[in-house]
Amino acid sequence: MNLNISGHHLEVTPAIRDYITSKLDRVTRHFDAVIEVGVVLSVERLQQKIEATVHVPGKDIHVEAIDEDMYAAIDALADKLDRQIVKHKEKRNGHDGESIRRQVVSEEE
């Protein structure tokens with residue numbers, strides 16, 4: 001997984017970089033086919049904004065979160081991204097494993 005972290009109107013410190021990396025490891029636990037993740041941190045007045053674009057096979061998932069605290073925004077983004085990844089994984093594999101069953105049946109024939 002390639003991870004690109006950039007800042008717009010702020011410097012990305014090693015502490016923020018490590019925090020983002022640790023939060024995004026949760027995404028790869030749920031879905032290991034993540035190709036690339038792009039994260040952009042920005043500040044406008046008192047609003048801390050974080051955006052992430054995740055490239056997975058067949059889809060690009062874009063999520064953003066805004067908060068007064070950057071770490072709270074990162075937490076919110078990780079939760080949103082986790083839900084989107086799980087949702088994409090379920091759609092890809094079928095809600096109850098139907099696509100897996102179809103593959104097994106077709107291979108037996």
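Why is E11 called exposed? E11 has a relative accessible area of 65%, and exposed means over 50%, buried under 20% and partly exposed in between (1.4 Å probe, protein chains only).

The model is predicted; local features need pLDDT of at least 70, side-chain atom pairs count only at pLDDT 80 or more, and totals for chains, interfaces and linings use all residues. Residues are numbered from 1 along each chain as its sequence is written, and side-chain values use heavy atoms, with hydrogens and water left out.

**View 1. E11 in its loop.** E11 sits in the loop that links β1 (2-8) to α1 (14-30). Helices (H or I, at least four residues) and strands (E, at least two) are DSSP runs, numbered from the N terminus. Between the C-alpha atoms of E11 and S42 the distance is 9.4 Å, with 31 residues separating the two along the chain.

**View 2. Strands β1 and β2.** Strand β2 (residues 36-44) is parallel to β1, with 7 bridges between them; two strands pair if DSSP finds at least two bridges between them. N4 has G38 in β2 as its bridge partner.

**View 3. The largest nonpolar core.** This core has 24 residues, and I20, V39, L41, I50, V54, L81 and I85 touch the most other members. A nonpolar core is a set of buried Ala, Val, Leu, Ile, Met, Phe, Trp, Tyr and Cys residues joined through side-chain atoms within 4.5 Å. At least two residues each come from α1, β2, β3 (47-56), β4 (59-67) and α2 (70-93). The most, 6 residues, come from α2.

**View 4. Contacts of I20.** Leaving out residues up to four places away in sequence, I20 touches I5, V39, L41, I50 and I74; contact means heavy atoms within 4.5 Å.
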